[in-house]
Amino acid sequence: MSDCYCDYGERPDVYAAATHTARKRYRCYECHGAILPRERYERAAMLFAGSWEIARTCARCLSVREYVKAHASCFCWLHGNMLEEARSTIEEHGGESAGFWIGGMKRLLRAERHKAAP
């Protein structure tokens with residue numbers, strides 16, 4: 001049994017996510033960096049009270065999310081707040097394993113640098 005509890009707040013009525021290859025330029029929902037044509041990204045469609053919201057996540061941010069999910073015993077996140085939650089989780093669990101901290105921070109910094117790029 002896991003000691004992990006995530007309070008996700010309002011859950012969407014419908015949630016569907018899939019990985020795509022961009023045909024045009026998009027903006028990442030997490031780092032706000034550009035998703036350029038031919039880059040891989042995740043598109044999540046969420047229905048909240050009759051209104052659709054689309055979250056596109058770039059490959060760099062997906063790398064952060066997948067790495068932390070694979071290596072931390074508990075990782076709670078929401079679209080739009082994932083990088084902050086990843087940083088908190090890396091810092092919280094980083095003392096347990098230097099390898100986890102280094103790998104997580106490397107991916108996180110790559111995503112944050114992408115955010116700063118024009």
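Which residues is Glu 42 in contact with, leaving aside its neighbours within four places in sequence? Select Ala 17, Ala 18, Thr 19, Ala 55, Arg 56, Thr 57, Leu 62, Arg 65 and His 79, where contact means heavy atoms within 4.5 Å. This is a predicted model, where local features need pLDDT of at least 70, side-chain atom pairs count only at pLDDT 80 or more, and totals for chains, interfaces and linings use all residues. Numbering starts from 1 along each chain as its sequence is written, and side-chain values use heavy atoms, with hydrogens and water left out.

Stay on Glu 42, which sits in strand β4 (residues 40-48). At a relative accessible area of 11%, Glu 42 is buried (under 20%, with a 1.4 Å probe, protein chains only). Now show the side chain of Arg 65: a polar contact links it to the side chain of Glu 42 at 2.7 Å (a pair of N or O atoms within 3.5 Å, one able to donate a hydrogen and the other to accept it).

Next, pick helix α1 (residues 59-71) and helix α2 (residues 82-93), whose axes come within 10 Å and cross at roughly 40°. The crossing is left-handed. Arg 65 turns up again here: Cys 61, Val 64, Arg 65 and Val 68 of α1 meet Met 82, Leu 83, Ala 86, Thr 89 and Ile 90 of α2.

Last stop, the loops. His 32, between β2 (26-27) and β3 (34-35), has a positive phi near 65° without being a glycine. Move on to Arg 38 in the loop between β3 and β4; its phi is positive too, about 80°, and it is not a glycine either.

Conventions. Axes are lines fitted to C-alpha atoms, for helices over the stretch in contact, and angles run from 0 to 180 degrees between N-to-C directions. Helices (H or I, at least four residues) and strands (E, at least two) are DSSP runs, numbered from the N terminus. A crossing is left-handed if the near helix is turned anticlockwise from the far one by less than a right angle, and right-handed if clockwise. Buried means under 20% relative accessible area, exposed over 50%, partly exposed in between (1.4 Å probe, protein chains only).
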